[in-house]
Amino acid sequence: MIRRPPRSTLDRSSAASDVYKRQVVENVRIGEVRLVGKNHLALRFTEVDRDVEAIWFRNGDKRDRLERSQYVDVAFRLDVNEYRGRSRLQMLVDDVRLRSS
């Protein structure tokens with residue numbers, strides 16, 4: 001389950017509001033892509049020192065276009081995923097663009 005701080009705790013002038021700002025990372029390698037539920041994609045991006053988990057809601061139909069070891073550009077927002085008592089940072093994917101070979 002993804003939990004967000006109540007909107008009333010966010011101050012637009014503080015760093016806390018940066019959690020919801022869209023960011024872009026270019027040329028990142030897909031380590032894993034799998035369907036979650038009926039229409040969501042769970043992604044793992046492989047980086048130099050750590051893998052990064054991501055979820056792309058309502059885009060399960062794009063599963064066939066994404067492959068392991070493929071390089072992509074990703075637009076995302078950071079969020080905290082709390083599941084079974086564990087909290088970890090994850091990317092909430094807004095869009096993925098395939099890199100040309």
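The model is predicted, so local features are reported only at pLDDT of at least 70 and side-chain atom pairs only at pLDDT 80 or more, whereas totals for chains, interfaces and linings use all residues. Residues are numbered from 1 along each chain as its sequence is written, and side-chain values use heavy atoms, with hydrogens and water left out.

## Strands and hairpins

Strands here are DSSP runs of E with at least two residues, numbered from the N terminus, and two of them count as paired if DSSP finds at least two bridges between them. Strand E2 (residues 23-36) is joined to strand E3 (residues 40-46) by 7 bridges, and the two run antiparallel; within this pairing, valine 33 has leucine 43 of E3 as its bridge partner. The hairpin made by E2 and E3 has 3 residues between the strands, and glycine 37 in that hairpin takes a positive phi near 65°.

E2 also pairs with strand E5 (residues 71-83), in the antiparallel sense, over 5 bridges. Valine 24 has alanine 75 of E5 as its bridge partner, and valine 25 has valine 74 of E5. E5 in turn is joined to E6 by 12 bridges, again running antiparallel, and tyrosine 83 is bridged to arginine 86 of E6. These two strands form a hairpin with 2 residues between them, where arginine 84 in the turn has a positive phi of about 50°.

## Salt bridges

Side chains of opposite charge can pair when their charged atoms come close. A salt bridge is counted when a side-chain nitrogen of Lys or Arg lies within 4 Å of a carboxyl oxygen of Asp or Glu, and the structure holds 7 of them.

| Residue | Partner | N to O distance |
|---|---|---|
| Glutamate 32 | Arginine 34 | 3.4 Å |
| Glutamate 32 | Arginine 44 | 3.5 Å |
| Arginine 77 | Aspartate 94 | 2.9 Å |

Salt bridges that share partners join Glu32, Arg34, Arg44 and Asp51 into one network.

Arginine 44 is buried at 18%, whereas glutamate 32 is partly exposed at 30% and arginine 34 is partly exposed at 43%. Arginine 77, at 26%, is partly exposed, and aspartate 94, at 23%, is also partly exposed.

## The nonpolar core

In soluble globular proteins, nonpolar side chains tend to be buried together. A nonpolar core is a set of buried Ala, Val, Leu, Ile, Met, Phe, Trp, Tyr and Cys residues joined through side-chain atoms within 4.5 Å. The largest such core has 15 residues, of which Leu43, Phe45, Trp56, Leu66, Val72, Val74 and Val93 touch the most other members. E2, E3, strand E4 (51-56), E5 and E6 each supply at least two residues of this core.

Contact means heavy atoms within 4.5 Å. Leaving aside neighbours within four places in sequence, the contacts of valine 72 include Val25, Val28, Ile30, Phe45, Leu66, Val96 and Leu98, and among them are also Glu26, Arg97 and Arg99.

Note on methods: Helix = DSSP H or I, 4+ residues; strand = E, 2+ residues; numbered from the N terminus. Buried < 20%, exposed > 50% of the residue type's maximum accessible area, 1.4 Å probe, protein only.
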